[in-house]
Amino acid sequence: MTPRSRLHVPSPPARPGQEPDFSYLQLSPAGAVDRPDVSASARDIENLSLELVRVLDDEHRAVGPWDPHLEPPELQVALRHMLLTRLFDDRMQRIQRQGRISFYIKSTGEEAVAVAAAMAMQPGDMLFPSYRQQGLQVVRGRNLVELMCQCLSNTRDMCKGRQMPIMYHFGPGNIFSISGNLGTQFPQAVGWAMAAAIKGEDHIAAGWIGEGSSAEADFHYAMTFAAVYQAPVILNLVNNQWAISTFQGFAGGEHRTFAQRGPGYGIPGIRVDGNDFLAVYAVTQWAAQRARQSAGPTLIEHVTYRAAAHSTSDDPSRYRPKEEWRAWPLGDPITRLKQHLIALGEWSEERHAQLHQELEAHVTACWKEAESYGTLTHGPFLDPLTMFDDVFRDMPPNLQHQREEMRALLEAQRSAAGAEAEPHEAHGTPTRAHEG
Amino acid sequence: MARMNMVQALNSAMDVMLGRDPRVVILGEDVGYFGGVFRVTDGLQRKYGEHRVLDTPIAEGGIIAAAIGLGVNGLKPVAEIQFADYIYPGFDQVVSELARIRYRSASEFHVPVTIRTPCGGGIRGGQTHSQSPEAIFAHVCGIKVVMPSNPYDAKGLLISAIEDEDPVVFFEPKRIYNGPFDGDPHKPAVPWSAHPRGEVPDGHYSVPIGRAEVVREGAEVTVITYGTMVHVAEAAVRTTGIDAEIVDVRTMSPLDSDTLCRSVCKTGRCVVVHEATRFSGYGAELVATVQEQCFWNLEAPIKRVAGWDTPYPHAFEWEYFPGQARIAAALKEVTETE
Ligand SMILES: Cc1ncc(C[n+]2csc(CCOP(=O)(O)OP(=O)(O)O)c2C)c(N)n1
């Protein structure tokens, strides 16, 4: 037979009903990877894109050249941020299940990716997240009440009811508005960083993209612009193994690591254990230092696992083994930092339980307050006429006319419905989309 | 005949075509193993294999470009874009390539690609899961643009689209995937099984592209609409008691202006309804066409009822949605004009 070409279709190591198998992952022992000088050229440090920077070892010690040597109080703050992020996520998921918000996306298992990065950067650095880095908001001091109000589309919603839940923005905290369209933020982060360089400021930018979304052209734009202008930017690619139902092989991860794309563009690529707080912190700090001293951009691949469903519209048991997350070889970021603190003699199970309880109570109190500003079904409600604001700075005539048309319509409905009618009625949520 | 909702009818269309024509391939994000986020391709990969039903990387530009390459090399690709709101990364491939390859090569090359994509709001999807961008595509010369309003048409039109030798962008109003939504979110959902157009043949049949349909006959006024709004308009007509004729456009491009204008010349009055934003919306084309061909028969100015000229807001989707009340008001205004 003459040889013929044959289409290769990537296939994940395990589907529902099969044994989870993570043997495809290349792991390095903790402490095994060299930490080059921040001025090293991309060409000389290509090994970083193949190996895996890890600091916490199996005995919960911090080892090797990447240990950022943080003081215990800082580690305790980190633990607190990560735990709060998780408890917030859990609560919002439950609230969605009760039908009180329309949608939610958790970051379970990926808390270190956001929390460590935000802690390793300066408050003036600009962040361009995807929808799965709520830890950034927590570190930057965003009150949970405000996040909840956004999810509720209520009278205190920062987005004035215009966005689906989790599409936050935080101007004063230097976190950009989250888009539902995948990948768009990545090259925008590069543009922001270019402006900082043009203006001669020393703030840098960071962007986050999922490994699945790295297939979008936006990823290539970001890498090219970052490389061409040596922009002061950290490009974080969060490889959580799954993009809804497709595994990372469908984004090109079967043949090379995602970090290896960096050297192809002339950008250092580093693969880091995304569930190791200390490793993510150290790598971010290294990349930030490079950016700040004009050594250029860095691509960081965070190797992690999406432990929860893609979103509240998703059911992962349809496409991956139900218990796959248990087999994830890099563990849980919160448990690992907790064990490290315990090993240092700076933490205990009792203190952890106490913190857990305290943060749960905090989340409950925040939720109570948030609900008092309204929900989708119970007042107070935003004024629907505000939907015409902010399309432009100055409202053009067509929108002015339409706003008046709607005002008349609402008044007519109100008088028709009689005195007992609410100005804005309750709406049930009909069929839900699966996704995101 | 079987009872099918729109998801099942679309699935059946692809099933029939995969079975009949070995050139047909399906591709898109999550369409293979998982069967699509709306389950429209459910079971097709299991039945036809991984080389006929392909999961793709998340890259709409890549999906559409690859579909063009597949089509140029003799296959008949049916690409799914997960939400119409996410089609824009592939827009250049649609406008500059897909739509013009036949023209620029004087028909030496042609691209029989179908792009399926769910559109429209009413599912609390906010601005990135609710858009109706049909006008943007109808404006492009060289692609056909289709939007069915019921399971029977959905299957028949999708089969026509796949069999077409020219590219078709096929919009699926997702609010009516499971039932004919009449615009009132407080009412319990009605399934397609209770609707005559929920009756769908199991096998092959087609509904021609480029043909509108009169779905309700009437004498006083013509409502020209499509997609979800067909059902909302029917309900509005019922509540007003006005004897309206309703025309389901079904194909935005090429437009069946004869059917539309025959109706308007008969009734002398016209209301155009769509969910998409009003300014430069598809309604503008409809109104212009009707005006050109029916001017001497018109007894009142034509009215448009459409989404407001803002992005689709999450909290106010029902204030945004051009529901029964706005259609009824327009019907009254147009029929009361002397
Ligand atoms: C341009 C665009 N295409 C498709 C989608 C639908 N969608 C939302 S999330 C998602 C998967 C993203 O996976 P990944 O980038 O790996 O990030 P993760 O969700 O795993 O964090 C898809 C396909 C979208 N939001 N935007």
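Colleague: What should I know about the numbering and the counting?

Modeller: Residues are numbered from 1 along each chain as its sequence is written, and chains are lettered from A and ligands numbered from 1 in the order in which they are written. As this is a predicted model, local features need pLDDT of at least 70, side-chain atom pairs count only at pLDDT 80 or more, and totals for chains, interfaces and linings use all residues, while side-chain values use heavy atoms, with hydrogens and water left out.

Colleague: What makes up the domains of chain A?

Modeller: The assignment gives domain 1 (42-371) and domain 2 (384-435). Such bounds come from an automatic or database domain assignment. The centres of domain 1 of chain A and domain 2 of chain A, taken over C-alpha atoms, are 36 Å apart.

Colleague: How many disulfides does a search of the whole structure find?

Modeller: Zero, over all chains. A disulfide here is a pair of cysteine sulfur atoms within 2.5 Å. Cys151(A) is in none, as the nearest cysteine sulfur, that of Cys149(A), is 9.3 Å away.

Colleague: Does Cys151(A) count as buried or exposed, and why?

Modeller: Buried means under 20% relative accessible area, exposed over 50%, and partly exposed in between (1.4 Å probe, protein chains only). Cys151(A) has 0% relative accessibility, so it counts as buried. Cys265(B) has 28%, so it counts as partly exposed.

Colleague: Why is Arg91(A) called buried?

Modeller: Its relative accessible area is 11%, and the cut-off is under 20%, so Arg91(A) is buried. Arg91(A) is in helix H1 (residues 72-97) of chain A. Leaving aside neighbours within four places in sequence, Arg91(A) is in contact (heavy atoms within 4.5 Å) with Glu360(A), Val363(A) and Thr364(A).

Colleague: Which residues are in contact with Ala343(A), leaving aside its neighbours within four places in sequence?

Modeller: Ala343(A) is in contact with Glu59(A) and His60(A). Its place is in helix H9 (residues 333-343) of chain A.

Colleague: Why are H8(B) and H12(B) called oblique to each other?

Modeller: Helix H8 (residues 229-240) and helix H12 (residues 324-336) of chain B pack at about 60°, with their axes 9 Å apart. Axes are lines fitted to C-alpha atoms, for helices over the stretch in contact, and angles run from 0 to 180 degrees between N-to-C directions. Angles under 35 degrees count as roughly parallel, over 145 as roughly antiparallel, 65 to 115 as roughly perpendicular and the rest as oblique. The angle of about 60° falls in the rest, so H8(B) and H12(B) are oblique. Residues making the contact include Met229(B) and Val232(B) of H8(B) and Gln324(B) and Ile327(B) of H12(B).

Colleague: What makes H3(B) and H4(B) roughly parallel?

Modeller: The axes of helix H3 (residues 60-72) and helix H4 (residues 91-98) of chain B come within 8 Å and cross at roughly 30°. That angle is under 35 degrees, so H3(B) and H4(B) are roughly parallel to each other. Gly61(B), Ile64(B), Ala65(B) and Ile68(B) in H3(B) meet Gln93(B), Val94(B), Glu97(B) and Leu98(B) in H4(B).

Colleague: How do you know that the peptide bond from Gly379(A) to Pro380(A) is cis?

Modeller: Its omega is near 0°. Pro380(A) lies in the loop between helix H10 (349-372) and helix H11 (397-417) of chain A. The bond from Ser253(B) to Pro254(B) is also cis, with omega near 0°.

Colleague: Is Gln241(A) buried or exposed, and why?

Modeller: Gln241(A) has 1% relative accessibility, so it counts as buried. Gln241(A) has a positive phi of about 75° although it is not a glycine.

Note on methods. Helix = DSSP H or I, 4+ residues; strand = E, 2+ residues; numbered from the N terminus.
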